[in-house]
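Please keep the structure in view while reading.

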Amino acid sequence: MHWINFPLLLIMIYSGLRIYWAEDVYAFGIFGWEWFAFFPDGFYETLDIERRLARGLAFHFNFAWLFTLNGLAYAIYTWRTGEWREIFPSRQHVKGMVRDVTHTVLHDLHLRKTPPPVRGRYNEVQRLTYSLVLVLGALAILSGFAIFKPTQLSFLTWMLGGYTSARVIHFAVTIAFVLFFVVHILQVARSGWRNFMSMVTGYELQKRDSSPSEEPADV
């Protein structure tokens, strides 16, 4: 499910850019001064995604269902197996989260030599990040449906602050996903090939110490 999300999100982002090209409205600025638009014309021309709105809509709406179903399957799996306890911070983790997150960041930046504490499978930064990513996934689905069916799902659209607000949320979630991908891939590459393969296959190879009782008897 982890790796199914990766190609699904790539297709969703790529097709979403085709839709966004038709109404490129967002830019970054302060106090009425526009500093830059997110995607200049050269960006669309380089990726060859301009003038294909219908294709972008078709791909986006179809693969959105696959992304939603995969997300529901993942939610059910983590709930039934108890894996959610390894992802979401507990009360004990929340108490010292700021301290542990600071420790982990300083260690990753090579500003602190002692490794951060690990309680379970993930450290505090990983727990916090993965929890936020799951929230982002839920927001992506909810805001997407609010944009897709603003009349039929008017209550959902209202909950997100209206159609325009839902679009802003959907766009912001997409940018956050892209930033997460970059950091996530860099961190995986930094941790080594062995860890990367364990993420792909779902299994981790470990060295097994042989003991006299485990050695085969001579025949």
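## Crossing of α7 and α9

The crossing that α7 makes with α9 is left-handed. In this predicted model, the axes of α7 and helix α9, the latter covering residues 163-191, come within 9 Å and cross at roughly 145°.

On the α7 side, the residues that meet α9 include Thr129, Tyr130, Val133, Leu136, Gly137 and Ala140, while the partners contributed by α9 include Tyr163, Ala166, Ile169, Val173, Phe177 and His184. Sorted by class, the contact of α7 with α9 has 14 nonpolar, six polar and one charged residues.

## Helix α7 itself

Helix α7 runs over residues 124-148 and has 25 residues, and the 36 Å from its first C-alpha to its last is close to the 36 Å expected at 1.5 Å a residue. The buried residues in α7 are Glu124, Arg127, Ser131, Val133, Leu136, Gly137, Ala140, Ser143 and Ala146. Among them, Val133, Leu136, Gly137, Ala140, Ser143 and Ala146 are buried and also meet residues of α9.

An α-helix has 3.6 residues a turn, so residues three or four places apart point the same way. In α7, the buried positions Val133, Leu136 and Ala140 can be read with this spacing in mind.

## Helix α1 and its cover

For helix α1, residues 2-21, the end C-alpha atoms are 29 Å apart, which agrees with the 28 Å that its 20 residues should span at 1.5 Å a residue. Buried in α1 are Leu8, Leu9, Met12, Ile13, Ser15, Gly16, Leu17, Arg18 and Tyr20, and what covers these buried residues includes α2 (41-47), α3 and α9.

## Asn70 in α3

Asn70 has its place in helix α3, which comprises residues 53-81, and it counts as buried because its relative accessibility is 9%, below the 20% limit for that class. Leaving out residues up to four places away in sequence, Asn70 touches Met1, Ile4, Asn5 and Leu8; of these, Leu8 is itself buried in α1. A polar atom of the Asn70 side chain lies 3.2 Å from the backbone oxygen of Met1.

## Asp108 in α6

Asp108 is found in helix α6, residues 97-108, and with a relative accessible area of 24% Asp108 is partly exposed. Which residues does Asp108 touch, not counting residues up to four places away in sequence? They are Gln187 and Arg190. Asp108 and Gln187 are 79 residues apart in sequence, yet their C-alpha atoms are 9.3 Å apart in space.

Notes. Residues numbered from 1 in each chain as written. Predicted model: local features only at pLDDT ≥ 70, side-chain atom pairs only at ≥ 80, totals over all residues. Heavy atoms only, no water. Helix = DSSP H or I, 4+ residues; strand = E, 2+ residues; numbered from the N terminus. Expected span 1.5 Å × (residues − 1). Buried < 20%, exposed > 50% of the residue type's maximum accessible area, 1.4 Å probe, protein only. Polar contact = N/O pair within 3.5 Å; in protein donor to acceptor, adjacent residues only side chain to side chain. Contact = heavy atoms within 4.5 Å. Axes fitted to C-alpha atoms, helices over the stretch in contact; angles between N-to-C directions. Left-handed = near helix turned anticlockwise from the far one by under 90°. Nonpolar A, V, L, I, M, F, W, Y, C, P; charged D, E, K, R; others polar.
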